[in-house]
Amino acid sequence: MAELIKIAVDAMGGDNAPAEIIKGCIDALSENDSIHISLVGISEVIEKELSSYQYDNERIEIVNATEVIEMAEPPVNAIRKKKDSSIVVGMNLVKNGECQAFVSAGSTGAVLVGGQVIVGRIKGVERPPLAPHVPTTKGFSLIVDCGANVDAKPSQLVQFAKMGSLYMKSIMGIENPTVGIVNVGAEEEKGNALVKETFPLLKKCPDINFTGSIEAREIPFGQCDVIVCDAFVGNVIIKMYEGVSSALVGVIKESLMSSAKTKIGGALIKTDLKKTLKNFSASEYGGAPLLGLKGLVVKAHGNSKSYEFKRALMQCVSFAQNNVNEQIKESLSLSDIQDGN
């Protein structure tokens, strides 16, 4: 058997922990025999939930952590004070080389802080971006950043573009991913100070396929594979996506149930409609990786169900098998040489 990919999982984080988290882990073990999972959290709670399943006990272990970081807690204080929390203990497993990745649906702030403070950045990475997939009519795109760096610098956005491109090529198999910067218009001279200063840097960057500006309305149509922005803009885009998606699904359901005629029509298209909506669901792509760390940290959505969590674990497998961190290190080293540093 090939060497197992060891993943630490925060069993206590998220709205549906631990039940949906553990179910996702069991499903991942059944689907992929190269995974080993360390479930981190309150051991008696995890043991009780695991008792409902049959699984290979050589590929799953419980790592006890007596504390839980709640969603509303200040992230920095929580990481400092709750040393025995599932997030801190799980990230230390990555830091110490016992696991290659850490996945959590818990506090986003704590995961972001812990990733930088505990796991640490790859040498040369200025700021690690949080990079979620967003569904499009062509498949999906990657937004970098959506939550880690609200106030970013031009040089950081350039690194986001490079890391996002490597991720899309290595993990998603897109040979020459296109890169666009979020702007209020297509013209190069438009935008705020950050965009205006970053645009020419991206334009002359030799190791990305920069195609120029992208307006927010173009994102759902898949105009670019990698969408670059600071975390303030990225988070607004993600939240708008979520809100519009929920609203549309609600309106469609209400319309299909409005009369006998629409109910009959709804029954006829039910299977195809479910397939279409599934293809446009962010849950298909798992969680959002925090790129540029010494080990992989993936933030799953707070309300993740088992399927989304399983997909996040599969992301970790692809990330490890394709040596994405090594590629990021090599890319940044080459950039230093080209810049004369």
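Helices (H or I, at least four residues) and strands (E, at least two) are DSSP runs, numbered from the N terminus. The model is predicted, with pLDDT of at least 70 needed for local features and 80 or more for side-chain atom pairs, whereas totals for chains, interfaces and linings use all residues. Residues are numbered from 1 along each chain as its sequence is written, and side-chain values use heavy atoms, with hydrogens and water left out.

The crossing of helix 6 and helix 7 is right-handed; this term applies if the near helix is turned clockwise from the far one by less than a right angle, and left-handed if anticlockwise. Pro154, Leu157, Val158 and Ala161 of helix 6 meet Leu194, Glu197, Thr198, Leu201 and Leu202 of helix 7, where contact means heavy atoms within 4.5 Å. Seven nonpolar residues, one polar and one charged make up this contact of helix 6 with helix 7. In this division Ala, Val, Leu, Ile, Met, Phe, Trp, Tyr, Cys and Pro count as nonpolar, Asp, Glu, Lys and Arg as charged, and the others, Gly among them, as polar.

On the side of helix 1 the contact is made by Glu20, Ile21, Lys23, Gly24, Cys25, Asp27, Ala28 and Glu31, and on the side of helix 10 by Ser306, Phe309, Lys310, Leu313 and Met314. The contact of helix 1 with helix 10 has six nonpolar, two polar and five charged residues.

Helix 1 has 13 residues, and its first and last C-alpha atoms are 18 Å apart, close to the 18 Å expected at 1.5 Å a residue; the expected span is 1.5 Å times one less than the number of residues. Ile21, Ile22, Gly24, Cys25, Ile26, Ala28 and Leu29 are the buried residues of helix 1, buried being under 20% relative accessible area, exposed over 50% and partly exposed in between (1.4 Å probe, protein chains only). The cover over these buried residues of helix 1 includes strand 1, strand 2 (35-41), helix 2 (43-50), strand 3 (60-64) and helix 10. Within strand 1 lies alanine 8, which counts as buried at 0% relative accessibility. Residues touched by alanine 8, apart from those up to four places away in sequence, are Ser38, Val40, Gly90, Leu93, Cys99, Ala101, Phe102 and Val103.

Helix 10 (residues 306-321) has 16 residues and reaches 23 Å between its end C-alpha atoms, close to the expected 22 Å. Its buried residues are Ser306, Glu308, Phe309, Lys310, Ala312, Leu313, Met314, Gln315, Cys316, Val317 and Phe319. Asparagine 323 follows helix 10 and is found in the loop between helix 10 and helix 11 (324-338). Its phi is near 50°, a positive value in a residue other than glycine. Most residues other than glycine have a negative phi, and most peptide bonds are trans. At 45% relative accessibility, asparagine 323 counts as partly exposed.

Two cis peptide bonds may be described next. Alanine 17 and proline 18 are joined by a cis bond with omega about -5°, and proline 18 is placed in the loop between strand 1 (5-10) and helix 1 (19-31). Valine 144 and aspartate 145 are also joined by a cis peptide bond, with omega about 25°; aspartate 145 is in the loop between strand 6 and helix 6.

In helix 8 (residues 231-256), the end C-alpha atoms are 37 Å apart, which agrees with the 38 Å that its 26 residues should span. Ala231, Gly234, Ile237, Ile238 and Tyr241 are buried in helix 8. The buried residues of helix 8 pack against strand 5 (133-136), strand 6 (139-144) and strand 7 (178-182).
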